[in-house]
Amino acid sequence: MQEPDLEALTEPSAWSDNPEELVRELQSLNARLERRINISSDSIETDLAKLVLGLIEFIRRLLERQAIRRVESGGLSAEQIENLGLALLKLESKVQELKDRFGLSDQDINLDLGPIGRLF
């Protein structure tokens, strides 16, 4: 399925009578794409760190929710609960350490999940 902006541009009637409108639409689309895709040789390491840490944070939050469900269901021993808690704390600490190393904030790694919204 195409995005509505792209879908409108593929309709000949949308631009055949008004080439200036086509130019405006293409410029608008280009501006939005530049915000989404910003690759620079100077910032590739930081940009890659943002993406990877954002994905790790997404997975960490999923694991945390799963752990809470498992604990609340009563299916884990006290030792398993302790180990699970320690592992999640260690992962959170490591993510924070990497954010500090690359000078990133929580907002920097906050993924846009499209129709679902932002990660946090």
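This is a predicted model: local features need pLDDT of at least 70, side-chain atom pairs count only at pLDDT 80 or more; totals for chains, interfaces and linings use all residues.

Trainee: Start with the overall layout. What makes up the chain, and in which order?

Mentor: The chain has four helices and zero strands. From the N terminus the order reads α-α-α-α.

Trainee: How much of the chain is buried?

Mentor: Buried residues account for 14% of the 120 residues. The chain exposes about 9,300 Å², and carbon and sulfur atoms supply 56% of that area.

Trainee: How do you know what helix 3 should span, and what do its end C-alpha atoms show?

Mentor: Helix 3 covers residues 44-73. Its 30 residues, at 1.5 Å each, should span 44 Å. The count used is one less than the number of residues. The end C-alpha atoms are 43 Å apart, so the two values agree.

Trainee: Which residues of helix 3 are buried, and what do they pack against?

Mentor: The buried ones are Ala49, Leu53, Gly54, Glu57, Arg60 and Ala67. They pack against helix 4, residues 78-102.

Trainee: Which residues form the largest nonpolar core?

Mentor: That core has five residues: Ala49, Leu53, Val95, Leu104 and Ile109. Ala49 also has contacts beyond its neighbours within four places in sequence: Gly54, Phe102 and Leu104.

Trainee: Why is Leu51 called partly exposed?

Mentor: Its relative accessible area is 45%. Buried means under 20% and exposed means over 50%, so a value in between is called partly exposed. Leu51 therefore gets that label at 45%.

Trainee: What makes the nonpolar surface patch?

Mentor: Leu48, Leu51, Val52 and Leu55 make it, with an area of about 340 Å². A patch residue needs over 30% relative accessible area. Leu51 has 45%.

Trainee: Now the charges. How do you know that Glu57 and Arg60 form a salt bridge?

Mentor: Their closest N and O atoms are 2.7 Å apart. The cut-off is within 4 Å, so a pair at 2.7 Å qualifies. Both residues lie in helix 3, three residues apart, about one turn of the helix. Glu57 and Arg60 are both buried.

Trainee: Which residues are linked with them in a network?

Mentor: The salt-bridge network links Glu57, Arg60, Arg61 and Glu64.

Trainee: Why is Lys99 called buried, and what is its salt-bridge partner called?

Mentor: Lys99 has a relative accessible area of 5%, under the 20% limit, so it is buried. Its partner is Asp106, with the closest N and O atoms 2.1 Å apart. Asp106 is at 42% relative accessibility, so it counts as partly exposed.

Trainee: How many salt bridges does a search of the whole structure find?

Mentor: It finds six.

Key. Residues are numbered from 1 along each chain as its sequence is written. Side-chain values use heavy atoms; hydrogens and water are left out. Patches are made of residues with over 30% relative accessible area and no salt bridge: like charges are joined within 9 Å, nonpolar side chains (Val, Leu, Ile, Met, Phe, Trp, Tyr) within 5 Å. Accessible areas come from the Shrake-Rupley method with a 1.4 Å probe; for residues, only the protein chains shown count as cover. A salt bridge is a side-chain nitrogen of Lys or Arg within 4 Å of a carboxyl oxygen of Asp or Glu. Helices (H or I, at least four residues) and strands (E, at least two) are DSSP runs, numbered from the N terminus. Buried means under 20% relative accessible area, exposed over 50%, partly exposed in between (1.4 Å probe, protein chains only). Contact means heavy atoms within 4.5 Å. A nonpolar core is a set of buried Ala, Val, Leu, Ile, Met, Phe, Trp, Tyr and Cys residues joined through side-chain atoms within 4.5 Å.
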